[in-house]
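Biologist: Please put the model up. I would like to go through it step by step.

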Amino acid sequence: MFFVYINYSTSFNKYYIGHSDDPWRRLLEHNDPKYNKYTSKYRPWELKAAITIGEIRGEAMIVESYLKDLKSRKIIEQIINRQSDQEYINYLIKKALGG
C-alpha cells in the first residue's frame with residue numbers, strides 16, 4: 001500500500017509532502033541525523049497526515065506531485081483537517097489522477 005504523507009516542522013512552520021509505502025518509517029528517516037537531505041535542515045518533523053492512495057507507487061507519485069504543484073498551504077492544512085473525510089480525499093486523488 002502506498003501513501004502520500006504530510007510532515008510538519010514546528011521549528012520552521014514548514015510542511016513537506018512525500019510518498020512512501022511506510023510514512024512512519026519515512027518520518028524516522030527525516031528526523032534521523034545520519035540522513036542529510038533537503039528536509040534535514042528543518043528538523044524535527046511531525047507526521048500530520050498519511051493518506052492511503054493504493055497499490056500503485058506511480059499513482060502515489062502523481063498525487064504527491066499534484067499536491068506539491070498546488071503550492072497552497074491552505075489546501076495542505078485542509079487535507080490535514082479533513083483526512084478522515086474519505087469523500088474529500090477520494091475527490092483529491094481522482095482530481096490528481098486526471099479523473
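Modeller: A definition comes before anything else. Helices (H or I, at least four residues) and strands (E, at least two) are DSSP runs, numbered from the N terminus. This is a predicted model: local features need pLDDT of at least 70, side-chain atom pairs count only at pLDDT 80 or more, and totals for chains, interfaces and linings use all residues. Residues are numbered from 1 along each chain as its sequence is written, and side-chain values use heavy atoms, with hydrogens and water left out.

Biologist: In what order do the elements of the protein run from the N terminus on?

Modeller: Count them to begin with. The protein has four helices and three strands. From the N terminus on, the order is β-β-α-β-α-α-α.

Biologist: What is the radius of gyration of the protein?

Modeller: The radius is taken over C-alpha atoms, and the globule rule is 2.2 Å times the number of residues to the power 0.38. For 99 residues that rule gives 13 Å, and the protein comes close to it, so it is as compact as a globular protein of that length. The radius of gyration is 13 Å.

Biologist: Which residues does Ile-53 contact, leaving aside its neighbours within four places in sequence?

Modeller: Contact means heavy atoms within 4.5 Å. With those neighbours left aside, the partners of Ile-53 are Phe-2, Phe-3, Val-4, Glu-59, Ala-60, Val-63 and Ile-93.

Biologist: Where is Pro-44 found?

Modeller: Look at the backbone there. The peptide bond from Arg-43 to Pro-44 is cis, with omega near 0°. Pro-44 is in the loop between α1 (23–31) and β3.

Biologist: Is Lys-71 buried or exposed?

Modeller: Lys-71 is not a glycine, yet its phi is positive, near 50°. Its place is in the loop between α2 and α3. The relative accessible area of Lys-71 is 72%, which means exposed.

Biologist: What is the relative accessible area of Asn-13?

Modeller: Asn-13 is in the loop between β1 and β2. Asn-13 also has a positive phi, about 50°, although it is not a glycine. Asn-13 is partly exposed, and its relative accessible area is 42%.

Definitions and conventions. Buried means under 20% relative accessible area, exposed over 50%, partly exposed in between (1.4 Å probe, protein chains only).
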